[in-house]
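These are my notes on a single model, kept in the order in which I looked things up.

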Number of protein chains: 2
Amino acid sequence: MFSDPFSHLPRTACRTIEMQKGDVLFRQTQTTSGLYRVVSGCVTLQRTGLGGDTLTLHRALSGGLFAEASVFSETYHCDAICTAAGSVTKIAKVDVIVTMQYNSAFSEGFTRLLAVQVQQYRAHIELLAIPSAKERILAAVQAGYLDATVTELATRINLSHEACYRALRGLCDDGRLIRVGRGKYALP
Amino acid sequence: MFSDPFSHLPRTACRTIEMQKGDVLFRQTQTTSGLYRVVSGCVTLQRTGLGGDTLTLHRALSGGLFAEASVFSETYHCDAICTAAGSVTKIAKVDVIVTMQYNSAFSEGFTRLLAVQVQQYRAHIELLAIPSAKERILAAVQAGYLDATVTELATRINLSHEACYRALRGLCDDGRLIRVGRGKYALP
DNA sequence: GATTCTTTATGATCTGGATCATATGTTTTC
DNA sequence: GAAAACATATGATCCAGATCATAAAGAATC
């Protein structure tokens, strides 16, 4: 595993912000000032269309970054709203830009981090395209998605938890998965 | 719109490769030598698990890049198989690495390109999570997805074309979309 | 220009997953 | 330690989208 590229930044580059549900971190069209990492809680990125309808663009959870592209843009392209209380670390855009220019380890690390995310999102999109619940779950287990609760897995792959449990049982009946304990499954 | 960062590379960095269906561009565990852009045709990235099952990680179409992360890795993490005849441009890893270090316009452009892709994939994943066909299609039209055929739109958002057409009609009946022609729909 | 192929479009039927309902076991809260 | 909340798990029923079938229109090929 690779170290966090943001550790190359000056300590002053990172500022922790506490947030309550409903707090707005930034608004669309505001001048960009930084990117963020969620420490705890949840932040939803969304955009409001001309008709007033809200389009959700991302839900950033604990450990996840968001607004990376703001480094390259004058203004934010959406709103960031706290949807579960917690805290975020704001990483100052100025420091990111300067460090990118003068510290190649940071520059490379940041780019690598984005490239790996691209990989992961592409794979996830392919997985979501698998029509059958059973096959999708098997692929998800193979891809290492079952690292928390089964209900979280279900949500993550767009299934109800009932469908998820049933398919897990079906896969065990088929000998394609092994139930090693309550909520725990392994590949044979 | 931003220019292609790869235009900063020396001309010798890019090599066009013709491919037939079934051709292998690289194999998992092979030493990395470059990343690719699809000129025409289709390339599928896949990984074979211990059980012999194949997991599709990405389908790269015309204009799309793949194997960006190979720049940061010793070996390819999957196989790249041609699934529709055409050609790809192979971009030499060595040139990417060197240009990244000495040409900040390239470095920044490449990083931006990845950041924008992250944004787009995240938004796509949120869209795929919309349960109802009608709402998913409306969101897709709002997000600009209906830029080709309705059947392509349907596939892209994991719906059958029949469900897609029916939902489009429903949205028109509701006054939430306007049918401006055969296969053409606009927002009110 | 005729033929073939593809896209658009619709109706009927089927089905796999969603929803509803319930129970048990585990974890968290007080 | 008791109560509340949450995760795991299952059965029954429902339903929204998939599948099957068909037709018309438009694009591509010869």
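What percentage of the 188 residues in chain A is buried? I found that buried residues account for 45% of chain A. I note at the outset that the model is predicted.

Fold. I looked up the secondary structure and found 5 helices and 8 strands in chain A. Read from the N terminus, the order is β-β-β-β-β-β-α-α-α-α-α-β-β.

Extent and contacts. I took the span of the C-alpha trace along the principal axes of chain A, which is about 55 × 45 × 25 Å. I then turned to contacts in chain A with a separation of 6 or more, and 64% of them join residues 24 or more positions apart.

Surface and charge. I recorded an accessible surface of about 9,600 Å² for chain A, with 51% of that area on carbon and sulfur atoms. I counted charged side chains next: 20 are positive and 16 are negative in chain A. The centres of these two sets lie 4 Å apart.

A nonpolar patch. Which residues form a nonpolar patch on the surface? I listed A:Val94, A:Val98 and A:Tyr102, which together have about 360 Å² of accessible area. I located A:Val98 in helix α1 of chain A, which covers residues 93-102.

Why does A:Val98 count as partly exposed? I found its relative accessibility to be 43%. The partly exposed class lies between under 20% (buried) and over 50% (exposed), so A:Val98 at 43% is placed in that class.

Note on methods
Residues numbered from 1 in each chain as written. Chains lettered and ligands numbered in written order. Predicted model: local features only at pLDDT ≥ 70, side-chain atom pairs only at ≥ 80, totals over all residues. Heavy atoms only, no water. Helix = DSSP H or I, 4+ residues; strand = E, 2+ residues; numbered from the N terminus. Buried < 20%, exposed > 50% of the residue type's maximum accessible area, 1.4 Å probe, protein only. Contact = heavy atoms within 4.5 Å. Areas by Shrake-Rupley, 256 points an atom, 1.4 Å probe, with all protein chains shown as cover. Lys, Arg positive; Asp, Glu negative; His and termini not counted. Charge placed at Lys NZ, Arg CZ, Asp CG, Glu CD. Patch = residues over 30% accessible without salt bridge, like charges linked within 9 Å, V, L, I, M, F, W, Y side chains within 5 Å. Salt bridge = Lys/Arg side-chain N within 4 Å of Asp/Glu carboxyl O.
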